[in-house]
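Keep the picture at hand as you read.

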Amino acid sequence: MDSTRQSKISRLLQKEIANYFLLHSQNYLGAMISVSEVRVTSDLDEAKIFVSIFPNEKRQEIFNKIETDTKEIRFETAKKIRFQLRRIPEFVFLIDETLDYAERIQQLLDKDKQ
């Protein structure tokens, strides 16, 4: 169960990181990157950031670029929220697979109907 503080920090980070991707979309081959969820650990030391990347064909290439830019993303985010947080958590980016999972279930359901 997340504390209120964790929830607030998660929402703040989600908003600011999504804004970063919006402003720097040209660096990511024009791909659409959305931050679907942010989970902050109870000690506020690490933030797991789940991203959805479209189009799927470029997913791994763009995700690798995100991983190499993690320090820059953290730095730019820290500049924006430095007065709201004493310490900025370490960022760990993960690919959000929920849309793929839902699509696979839909395919199986459609296959079952036929």
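## One residue and its neighbours

Leaving aside residues up to four places away in sequence, T77 touches L13, E16, I17 and F91. This is a predicted model, so you are looking at computed contacts here. T77 itself is part of helix α3.

Is T77 buried or exposed? Its relative accessibility is 2%. Buried means under 20%, so T77 counts as buried.

## Where two helices cross

Now let's step back to the helices. In general, two packed helices are described by the angle between their axes and the distance between the axes. Here, the axes of α1 and α3 come within 10 Å and cross at roughly 120 degrees. The two helices are therefore oblique to each other, and their crossing is right-handed.

Which residues make this contact? From α1 come L12, L13, E16, I17, Y20 and F21.

## A closer look at helix α1

Helix α1 covers residues 4–23. You can check its length yourself: at 1.5 Å a residue, its 20 residues should span 28 Å. The C-alpha atoms at its ends are 29 Å apart, which agrees.

Several residues of α1 are buried: Q6, I9, S10, L12, L13, E16, I17, Y20 and F21. What covers them? The cover includes the strands β1, β2 and β3, along with the helices α2 and α3.

Next come the strands. In general, strands of a sheet pair through backbone hydrogen bonds, either parallel or antiparallel. In this model, three strands form an open sheet in the order β1-β2-β3, and the pairing is mixed. β1 (32–40) and β3 (90–95) stand at the edges with a single partner strand each, so one side of each has no neighbour in the sheet. On average, neighbouring strands are turned by 30 degrees against each other, direction ignored.

How do β1 and β2 pair? They run in the antiparallel sense, joined over eight bridges, with β2 covering residues 46–54. To find one of these places, look for V40, whose bridge partner in β2 is A47. Helix α2 (residues 59–68) packs on the sheet and touches β1, β2 and β3. The direction of α2 makes about 175 degrees with that of β3.

Terms used: Residues numbered from 1 in each chain as written. Predicted model: local features only at pLDDT ≥ 70, side-chain atom pairs only at ≥ 80, totals over all residues. Heavy atoms only, no water. Pairing = 2+ DSSP bridges. Helix = DSSP H or I, 4+ residues; strand = E, 2+ residues; numbered from the N terminus. Axes fitted to C-alpha atoms, helices over the stretch in contact; angles between N-to-C directions. Contact = heavy atoms within 4.5 Å. Expected span 1.5 Å × (residues − 1). Buried < 20%, exposed > 50% of the residue type's maximum accessible area, 1.4 Å probe, protein only. Parallel < 35°, antiparallel > 145°, perpendicular 65-115°, else oblique. Left-handed = near helix turned anticlockwise from the far one by under 90°.
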